[in-house]
Amino acid sequence: MMPRPDELCQRMPRELTQPYEPNPALRALYRPFFDRIQVDQSWVEEVRRMARTGSVVYVLRSLNFIDFLALDHLTKRFALPQVRFANDLGLWILNPMGKGWLNAIFPRRHVTPSDELRDALARGGSAALFLKRPPGVLDVAAGGSHGRGLKEGDDLMRTLIRLQRERERPILLVPQVFVWSKEPDTRGTGSFDFVLGPREWPTAIRTVGQFLYNYKHVALKSGAPLDLRTFLADSSVGEDVAVRRITYALLARLERERRSVTWPAEKPPDRVRMEILRTPRLRGIIEDLAGEKATDRYVITARALGMLRELQATPDMAAIKGLEAIFDRVFHRIYAGIEYDKSEIERIRDAAKQGSLVLLPSHKSHIDYLVLSYVFNESNLQLPLIAAGENLNFFPLGTVFRRSGAFFIRRSFKGDKLYTAVVDAYIRRLIRDGYPIELFLEGGRSRTGKLLPPKFGLLNMIVDAALGVSQRTTYFVPVSIGYERIVEAASYESEMAGGEKKKEGAGDLLRTPEVLRHRYGRINLQFGQVLSLAEIASELGTELGDIRSPAKRRALVTRLGNRVMDEINQVTAVSPGALTALALLSHPRRGVPFTELVDRATRLAKVLVALGARISSSAATPSGTLRAEAIREAAQMYVDADLVDVHTPLGEGLKEKRSQNVEDESILTPVEKRRLVLDTSKNIIVHFFVERALVAVAMLVAPGPPVAEDTVRERVQALSRLFKHEFRFRADAPFDAIFDETLLAMHESGALGRDGSGDLVPGPGADGWSGGEWLELYSAVVTNFIEGYRVAARGLALLLKGPLGEKELTKKTLALGNRMFFAGELSRKESVSKPLIEGALAAFVDQGYLSKVDGKLALTDTFADEAAVGTIESKIALFVGESDA
């Protein structure tokens, strides 16, 4: 039986090691700085757990006494096992009594580092083991290190192996890396590197400089521990082979942690462009386009080089540092903060360690370009390179965006074989090098608050590149970016009302005094399930290795794009702003007392929770109930933005004053001409209600309940087909199954019931509302969509005189819709909306009402008369309580 650590200590006549004690002056110097280092509490708990079952050895990559001082400080700060041994760091210069007065005065000549390491672990302490020694000036000059550092810890690793074989108590090797700088490693050696050491092997002086420059983001990262006892039990190799394997495994884990924060090693941009030009696929396209003429080959190569220069991101940490300072100042003036779950960030970090990330966020604002980078920067994650439209490449901000990680792609390059090949080659290079990529799958910004259909062009290139880099897994991350108010709402309002789209850049946001005068609530960030191509292939019933034909690749990309959009919808958080807008716009009366608004929002929130929606942290109390003050804050935000009028009763009259405080007795009224802006906020969460809303609409068609289930089914199916381009319907089950699930959920919630003959009727209700009231609420959620499609149907009469271009027809139909609203035929001003008209026209083409002739829309022969056109509107009008047009 092996002796216990305390028994070994009793046999030792004198301590060979003890915890390091810095002199007071040194400790006073570094303590304020080291206290700023970001440390994950889970690391603290994990080390404590490991110390209870075994001996902890902290493993670091590069011999550096700053790393040791920081590690020693943190282990003492968090009361972790004290470091009693470290590779010789020369600390006796700073504190000659560091190993005790007896060892300082009477050093033992025959004591080796291996003896000290054994002593440290035998006395219940921990050790710090540096695996490599940074190359010195002569090493770098001679090229002897090959940029990898020099061996340092091999002999001590042998000691640990031998010690583990002598004892039962496990030795746990814990990889630790201090990320002093976010600067990527460099390829090659610069003049500063000879003196200060390269970024990946910095000297103490360079480490101090990196820390002072990056002190807000310095972090201690920990890799997965290696249980030496388990490793040796599972391996029968010799000692030298074991040392190499263990060292390699630990270095790989350390590198994964560091690379989750920093970009891959950088090269000069012109060198990268030349390397991309020499890739076989791009070179082959150039040869095909040039044919036999050498002069053509030269011209086409020059064009490709220019395209790459126009496309390429040139990320630079100095630019990002400057943008960070500006963004901090401006962003917090506009928004109240970004809500996100830190555990979700750790989930993304884990995926980043295993492979390359492709981040696929929703796109509603130019602010989207900054949100993920801001959060990743704060969380010490590798910043993504962002696929941006070329409209953002304008002077001078285009240069800033490029140096911050944006690469600029033309809006359309269909038919340009060379440009397609250049983009493809560039994307392949990013995937191969391991850069995270951020891509907006919707293409452009959604003006309505709802998700747009996915665009598959660039995603197809990324998937193709990922399939070509089989040794590295590419993970696709759906991301929902939600806003209570969107900065560009005013321009969106103008566009949706029929105004021309204004060419703008992100700089417009920061130059507009109107933006800086208002607050826009909070931003909410949510991450969906991380997807891999292997998982998507499995859903298609095949193996990833079998995806070879173009048809199978298209199916893979299409399934991936739709899965991503569904994930975004599913994880979109319910914010106070969206909930308040929904409660206001779905109310049947002009004004809503604030207390009733809170009550209505509370009921809606309960339904959302039952549907599995995530409620934002600002909207909910710790117990999960809706926070009434959150609704007040959101209402106040809308009042301050002139979207809602507030009326406060005073005696027998009413005091009407905009931008006044929302009080308990206030009555809130949406400003009629600004309802489109509120509708954008409402639509962020409207998808949660669509299935129930369509059932409610089908139930309330005159003369109303009771209604046979088959009749409701037919009506809902008809509405689903009509709104094919308006909502994302579930694709994981057939219509009948989804309909049956919806009926069951509404029955269980009290909204629906059955009469004696089995027909559907309003249910007993819940939460103080009758079943009929619940049906009215659900129906009101989609009233503006039905009215908007009715407007589009009325506009079809304009085609009786002949075909019209879609743009002209939409403009005339909007004018017609405004007349219908003021004549009292429509109940919602937001029903008159350009996106609604465009969606309806697309649906009418699918339904066979319209056809496209020479780029124009025309009525099909079956519906080319006034009576037939009137029938189309009548069918839609039935769903808003009218029997004819």
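Start by selecting strands β8 (residues 338-339) and β14 (residues 523-527), which run parallel and are joined by two bridges. Helices and strands here are DSSP runs, helices being H or I of at least four residues and strands E of at least two, numbered from the N terminus. Two strands pair if DSSP finds at least two bridges between them. Within this pairing, E339 has N524 of β14 as its bridge partner.

Before going on, please keep in mind that this is a predicted model, where local features need pLDDT of at least 70, side-chain atom pairs count only at pLDDT 80 or more, and totals for chains, interfaces and linings use all residues. Residues are numbered from 1 along each chain as its sequence is written, and side-chain values use heavy atoms, with hydrogens and water left out.

**Stop 1: around β14**

Look for I481, whose bridge partner in β14 is L525.

Is β14 buried or exposed? Five of its five residues are buried, so the strand is largely enclosed by the rest of the structure. (Buried means under 20% relative accessible area, exposed over 50%, and partly exposed in between, with a 1.4 Å probe and protein chains only.) In a regular strand, side chains alternate between the two faces of the sheet. In β14, I523, L525 and F527 are buried on one side, and N524 and Q526 are buried on the other.

**Stop 2: D424 and its partner**

Select D424 next, in helix α20 (residues 417-433). This aspartate is buried, with 8% relative accessibility. Leaving aside residues up to four places away in sequence, D424 touches R281, M461 and D464, where contact means heavy atoms within 4.5 Å.

Show the side chains of D424 and R281: they meet in a salt bridge, at 3.5 Å from N to O. D424 is in helix α20 and R281 is in helix α14 (residues 280-290), so the pair ties together parts that are 143 residues apart in sequence. A salt bridge is a side-chain nitrogen of Lys or Arg within 4 Å of a carboxyl oxygen of Asp or Glu. In contrast to buried D424, R281 is partly exposed at 47% relative accessibility.

**Stop 3: further salt bridges**

A search of the whole structure finds 66 salt bridges. Go to R447 and E495, whose side chains meet at 3.0 Å, N to O. R447 sits in the loop between β12 (437-438) and α21 (457-468), while E495 sits in helix α22 (residues 489-496), so the pair ties together parts 48 residues apart in sequence. Both R447 and E495 are buried.

Then try R632 and D664, a salt bridge of 2.6 Å from N to O. R632 belongs to helix α29 (residues 628-640) and D664 to the loop between β20 (653-656) and β21 (667-670), 32 residues apart. D664 is partly exposed, with 45% relative accessibility.

**Stop 4: backbone details**

Most residues other than glycine have a negative phi, and most peptide bonds are trans. Which peptide bond is cis, with omega near 10°? It is the bond from A702 to P703, and P703 lies in the loop between α31 (690-700) and α32 (709-722). A cis peptide bond also joins P705 and P706, with omega about 0°, and P706 is found in the loop between α31 and α32.

Next, select A79, a residue other than glycine with a positive phi near 55°. A79 lies in the loop between α4 (65-77) and β2 (83-86) and is exposed, with a relative accessible area of 60%. D854 is not a glycine either, and has a positive phi of about 55°. You will find D854 in the loop between β24 (850-853) and β25 (856-859), exposed at 78% relative accessibility.

**Last stop: the whole protein**

Zoom out to see 38 helices and 25 strands. Of the 885 residues in the protein, 53% are buried.
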